[in-house]
Amino acid sequence: MRERTASDEAAGERVEPDGGTDGTTNVAIACQGGGSHTAFTAGVLKHLLEVWDEDEYELVGISGTSGGAYNALAAWYGIVTGDHEKAIDTLDAIWDDLATDGWTDRMMNQWVTGMSRLESTGVPMPSISPYQIPGPEVGKERITETLERHIDFESIPNFCGRDSPELVVGTVDVNAGEFETFTNEDVTPEAVLASAAVPNLFEAVEIHGHYHWDGLFSQNPPINALMSVPPERKPDELWIIQINPQEFEGEPDTLDVIADRRNELSGNISLNQELKFIERVNDWIDDGYLPESEFSHTEIHRIEMGERFHCSTKVDRDRKFLDELIDLGHERAAAFLDAK
């Protein structure tokens, strides 16, 4: 299943009124992208999986963009090939491999993070296309090796079916000029790489004759594909793991603060547009325009990071920093469940 646009919105809203077939609440989880900050998402997912009550909730879908796609894939693969414990182990293993390892790697990470911070403050920096230097492709190879070390992509089609959660990865089709989602058996290493291919850092990824970039330009994270499912699999609740702060007090007035806020908005605007459509459908149900016998609410919940980090840290793979984000994800997930 592969789709390019969100043109199926209305059809995607048809559901059974009673949630899961056994009285459980159907839940879909959408993981926003944000580079290294998505280690927070790993922490959230780990805690949710640790305490998941299968008598109360059924996971019917999980989506992600960029770093969020790594997490969605790891959690999904662990669940369908084993159990929640395996999903947690897969998340741990992937982030352990992505973290800095060795003196050379740590020095390179400090250099990349430092250059990103300087650039955000307005310091003139040389602009080099990722097509002119070998480093970006080495980075893509490392990501591919990490993913394939823990995930057997060839086996994914065997685990896609009516009883498995939907798996959705978001990208942008550079040639067609529209977003493209890859779902279930179409999730390949190339699709995940494309979802994280930031244009000024990585070369575009070719899939089916078209070039693809980072999904942050479009659905961040993909929502519509989680809704366009058979009625019995439609989520009663949609849990958004949101990396970028939603609100900002005052006026951004320095170059680095402006850069931070632009980065945050680029990741939130598409998300909010999709969520507003779901809220509109909920309103139509309340106002009687849609029959409750055929349509039902999808409650939207956000698990927000709740802390603001400089945008340069989205490329920071320092092991201590990633561990701090994972711990923060545990805390936010626990607070979210306690408040439900």
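The model is predicted, with local features requiring pLDDT of at least 70 and side-chain atom pairs pLDDT 80 or more, while totals for chains, interfaces and linings use all residues. Residues are numbered from 1 along each chain as its sequence is written, and side-chain values use heavy atoms, with hydrogens and water left out.

Now show the whole of helix H1 (residues 39-51) and helix H3 (residues 84-98), which pack at an angle of about 160 degrees with their axes 9 Å apart; helices are DSSP runs of H or I with at least four residues, strands runs of E with at least two, numbered from the N terminus. The axes are lines fitted to C-alpha atoms over the stretch in contact, and angles run from 0 to 180 degrees between N-to-C directions.

Next, select Asn71, which lies in helix H2 (residues 67-81) and is buried, with a relative accessible area of 0% (buried means under 20%, exposed over 50%, partly exposed in between, with a 1.4 Å probe and protein chains only). Neighbours within four places in sequence aside, Asn71 contacts Thr38, Thr41, Ala42, Leu45, Leu91 and Trp95.

Move on to Trp52, Tyr57, Trp239 and Phe336, which form one aromatic cluster; rings of Phe, Tyr and Trp (its six-membered ring) pair if their centres lie within 6.5 Å, and planes under 30 degrees apart count as stacked, over 60 as edge-to-face and the rest as tilted. Six aromatic pairs are counted by this rule. The ring centres of Trp239 and Phe336 are 5.1 Å apart and their planes stand at 75 degrees, so this pair is edge-to-face. Trp239 belongs to strand E8 (residues 237-242) and Phe336 to helix H9 (residues 319-339), 97 residues apart.

Finish at Ser66, in the loop between strand E3 (57-65) and H2, where phi is near 55 degrees, a positive value in a residue other than glycine. Ser66 is buried, at 5% relative accessibility, whereas His208 is exposed, at 62%.

Notes: Contact = heavy atoms within 4.5 Å.
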